[in-house]
Amino acid sequence: MQSIDKLLEVNPYELDKVSKREYLNTRLHELTRHHYDNCEEYRRMVDAYGLDINNLPDYDKLPFLPVRLFKEFELRSCAKEEVVKTMTSSGTTGQQVSRIFLDRDTSSAQTKCLTRIVSDFLGTKRVPMLILDSSSVIKNRAMFSARGAGILGFSMFGSKRQYALDENMELDIEGMKVFLENHKDETIFLFGFTFMVWQHFYKKLLESGYKPDLSKGILIHGGGWKKLISEQVSPEQFKNNLNTVCGILPENVHDYYGMVEQTGTIYMECECGHLHTSSYSDVIIRRTSDFLVADNGEEGLIEVVSILPESYPGHVLLTEDKGIILGEDDCPCGRKGKYFKIIGRIKNAEIRGCSDTYATKFK
């Protein structure tokens, strides 16, 4: 197979539609054959589908695995002894969680890919980082939760790190004051999960009256909007309210879409408010009636493809999220690739985003 380092030499947002199709076809065909040869469960599913493994179609016609299968089966394409990390999805009490098995190469590829994508928004230099969560989340380093993995994954962009919340999820105002004084006039990278940012950072700042100067801050947040939508908080209101309490500019607040089944392959929100595919991934919208590819502007189920998963067959997955492709190669931000928006979860799907899972504790 092609070296992942070679594949990641491509700029995350430089490939146009034609170049990207060729690039993804080559890699996804390699991964399909690799998983067919190394994962018995995947091979049985592909054979049942009737795919000719020696004559593979374009990647949008490859069989997709529903993400739910990672809750039901131990899907591995590497030997058990090669697994260095097992990641689990977010889940409310009583829910089964997905288990994703990573070998050293796949884990390293995820880190490199995340670095390439996020650097396009943050720059290549590490900066002081304010984590809008509690350090208590980082417990078992071998069995990562999606939330813990998110924090650790993004922490590599921080030169110095400060948790904004204490063990009880209360705002550590004194700790923040010292941290921000030590890094006055520097760009501050903030990271957190959407609902927690709102509940434990925005609301607590409002209550306390403390107004930190984060006018040079860049916030990246993710994990789902379900609870905030139910509270009638729009993305615009989220950004504007944060601007009111800490001065962060709305255009420097970036949501992202991602999942534990394809860690490292995230879809970042640009300054124009659009989620973007990178060169290393794609989003396909499928009609719920027949699973054919939907037209741009047509709502359907989100399929995600990624060049990264080698240790498990997670390269072509059907999610339980609904979305719409807004356009391709023509976003005003200048980044190539498809840009899209999330509509929500399909009816009766389990809550699974880090933010949405945590939010179930709050009435």
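Met169 lies in the loop between strand E6 (158–165) and helix H7 (173–182), where helices (H or I, at least four residues) and strands (E, at least two) are DSSP runs numbered from the N terminus. The model is a predicted one, so local features need pLDDT of at least 70 and side-chain atom pairs count only at pLDDT 80 or more, while totals for chains, interfaces and linings use all residues. Residues are numbered from 1 along each chain as its sequence is written, and side-chain values use heavy atoms, with hydrogens and water left out.

Met169 is a handy place to start with the backbone, for this residue has a positive phi of about 65° although it is not a glycine. With a relative accessibility of 11%, Met169 counts as buried; here buried means under 20% relative accessible area, exposed over 50%, and partly exposed in between (1.4 Å probe, protein chains only). A positive phi, near 60°, is also found at Gln232, again a residue other than glycine. Gln232 sits in the loop between helix H9 (226–230) and H10, and its relative accessibility of 69% makes it exposed.

Turning to the chain as a whole, the model holds 11 helices and 15 strands. Its radius of gyration is 20 Å, close to the 21 Å that the globule rule gives for 363 residues, so the chain is as compact as a globular protein of that length. For this comparison the radius is taken over C-alpha atoms, and the globule rule is 2.2 Å times the number of residues to the power 0.38. Along the principal axes, the C-alpha atoms fill a box of roughly 65 × 45 × 40 Å.

Of the 363 residues in the chain, 55% are buried.

The charges come next. The chain carries 46 positive and 52 negative charges, and their mean positions are 3 Å apart. In this count Lys and Arg are positive and Asp and Glu negative, with His and the chain ends not counted; the place of a charge is NZ of Lys, CZ of Arg, CG of Asp or CD of Glu. Salt bridges, defined by a side-chain nitrogen of Lys or Arg within 4 Å of a carboxyl oxygen of Asp or Glu, number 28 in the chain.

One of these salt bridges joins the side chains of Glu269 and Lys239, at 3.0 Å from N to O. This pair links distant parts of the chain, 30 residues apart: Glu269 is in the loop between strand E10 (267–268) and strand E11 (275–276), and Lys239 is in helix H10 (residues 235–246). Both Glu269 and Lys239 are buried.

A salt bridge is also formed by the side chains of Arg287 and Glu298, with an N to O distance of 2.8 Å. These two residues, 11 apart, both belong to the loop between strand E12 (281–286) and strand E13 (300–306). Arg287 is partly exposed at 23% relative accessibility, and Glu298 is partly exposed at 26%.

Arg345 belongs to strand E15 (residues 338–345) and Glu320 to strand E14 (residues 316–328), 25 residues apart. At 23% relative accessibility Arg345 counts as partly exposed, whereas Glu320, at 12%, counts as buried. Elsewhere, salt bridges that share partners join Arg21, Asp58, Asp60 and Lys61 into one network.

Leu228 lies in helix H9 and is buried, with a relative accessible area of 1%. Leaving aside residues up to four places away in sequence, Leu228 touches Thr194, Phe195, Trp198, Val233 and Phe238. Leu228 and Leu249 are 21 residues apart in sequence, and their C-alpha atoms are 20 Å apart in space. Met196 is found in helix H8 (residues 194–208) and is buried, with a relative accessible area of 0%. The C-alpha atoms of Met196 and Ser279 are separated by 30 Å, the two residues being 83 apart along the chain.

Key:
Contact means heavy atoms within 4.5 Å.
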